[in-house]
Amino acid sequence: MHLYDQQHIKIYNSLSGQKEPFKSITEGYVGMYVCGPTVYSNVHLGNVRTFMSFDMVFRYLKHLGYKVRYVRNITDAGHLENDADAGEDKITKKARLEQIEPMEVVQRYTVDFHNILSIFNFLPPSIEPTATGHIIEQIELISTIIKNGFAYEVNGSVYFDVHKFNETNDYGKLSKRKLDDLIHNTRELDGQSDKKNPQDFALWKKAEPQHIMRWPSPWSDGFPGWHLECTAMSTKYLGDRFDIHGGGMDLKFPHHECEIAQNEAAKGQSPVNYWMHANMLHLNGQRMSKSTGNTVNPDELLSGDNKFFSKAYSPSVIRFFNAQSSYRSVLDLTDDGLLASEKGFHRLMDAINLLDSISSTSTSTLNVSEWKQNCYDAMNDDFNSPILIAHLFDAAKYINQIKDGKASITSEDLKLLKQTMYAFTFDVLGLQNESKKESGTDKLSAAVDILIKLRQEARANKDFALSDKIRDELAEAGIQLKDGKEGTTFTTN
Ligand code: AMP
Ligand code: ZN
């Protein structure tokens, strides 16, 4: 019996606008795709928030025993400025400004992205495909869409025919937009004149002579449209129809709307059962965004080296802050909010650290099984992490009461409480016990101090063979002793 047979998740599906019971296509397996970063600059905390929300979803699904294939791409080609069909490729532009190869830009910011995610204790996705690694698949998709009558070629570029598509399908069903309204609201922009209609979007663009990232295709030397890569890569690894597709709210239109249209046009079916959209991180009441410069990068918050916040915050405090609001709510990053989260996080960790030292009796004053189910109910309700955290705080209070002799717990319940606290705090929320890490360092200091004393005794007894052995073997273990006027100290590498 798997946990997922007992715990039934409901997911808010952006497509229906409702919370729906989650049922995976293949029992026990979940296919999940999340739009990854465009690697042309350092990720900001807004980007991190979206990926963190889906890391939590991934973690919870795994915790329930699902075998999850989590695909998160790297956009390393095809994403033009202003997310439009005209203008320069974001990566090529950065390469031109810095006078380096586009692939150097891609490498630099992919490495940065991975470093940041590992600092925040993200689980790596199962597959991390790149757009440039899937050009052939994208060309094949375009050929199919043309063959099915939903795309046309003009001057070496290929566009998706939104009007033709809308005759038989519903363009706008995800973002709840009507094509008529879109027509009404669209201005004709420079460079779009090849299109039959301004709403049409590029599947393939002919490269201008100065465009470096280009590939041969039946239509021209060029590059694929941004929306196409996600259709090509998600369906390649997860099938023509898969369980969950996620991304930030800002990607709902046009990016995800176009993904649906491309898939329906190429494969005759909607690609995704549950569309999940994470809400935006704000800074000073405004959306954090690269284009407006209203951003804080993770390293600036972690080091405290920024103009917005009073101090440095640890990765787990930032994770905790994020989990204290629902992934579907706007979250405003403020110093007060982070300070409060820091306090709360330490309160929770202190309680967890007490679990090793409290003793059990013959009765429990809290129904621990019921409390445990409350934790699951919170996460089953569209991954409601703030409610889960409220339950974890209830347990923290209970643990403190037990310590103070004001409450009691049986040994069986203590085991259950400990298991559940660990599972939700560390496995599901992905927090790390930083105070334990510190006390780990303290323990190392205490142990090395004992060895330093033994070495002093050996020297006093003129047993230099032993004193050297202690020094050399510690050095081999990466601990260097340093004899100074004030006594012996140590450093680690
Ligand atoms: P990009 O690299 O611009 O394609 O963005 C990568 C991801 O970050 C996308 O899923 C965006 O929706 C998401 N994102 C961008 N800005 C924010 C923000 N302020 N808050 C939350 N997510 C964001
Ligand atoms: Zn995408």
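Reply: Asp382 counts as buried because its relative accessibility is 4%, and the cut-off for buried is under 20%. The model is predicted. Asp382 is not a glycine, yet its phi is positive, at about 55°. As a general rule, most residues other than glycine have a negative phi. Asp382 sits in the loop that runs between α13 (368-380) and α14 (385-403).

A second residue with this kind of torsion is Lys462, also not a glycine, where phi is positive at about 60°. Its place is the loop between α16 (434-460) and α17 (464-476). With a relative accessibility of 64%, Lys462 counts as exposed, since exposed requires over 50%.

The next exception concerns omega. Most peptide bonds are trans. The bond from Phe253 to Pro254, however, is cis, and its omega is near 0°. Pro254 belongs to helix α9, which covers residues 252-267.

As for the sheet, three strands form an open arrangement in the order β12-β11-β13, and the pairing is mixed. Strands of a sheet pair through backbone hydrogen bonds, either parallel or antiparallel. Here β11, residues 281-283, pairs with β13 in the parallel sense, over three bridges. Across this pairing, Leu281 is opposite Leu331 of β13.

Definitions and conventions:
Residues are numbered from 1 along each chain as its sequence is written. Chains are lettered from A and ligands numbered from 1 in the order in which they are written. This is a predicted model: local features need pLDDT of at least 70, side-chain atom pairs count only at pLDDT 80 or more; totals for chains, interfaces and linings use all residues. Side-chain values use heavy atoms; hydrogens and water are left out. Two strands pair if DSSP finds at least two bridges between them. Helices (H or I, at least four residues) and strands (E, at least two) are DSSP runs, numbered from the N terminus. Buried means under 20% relative accessible area, exposed over 50%, partly exposed in between (1.4 Å probe, protein chains only).
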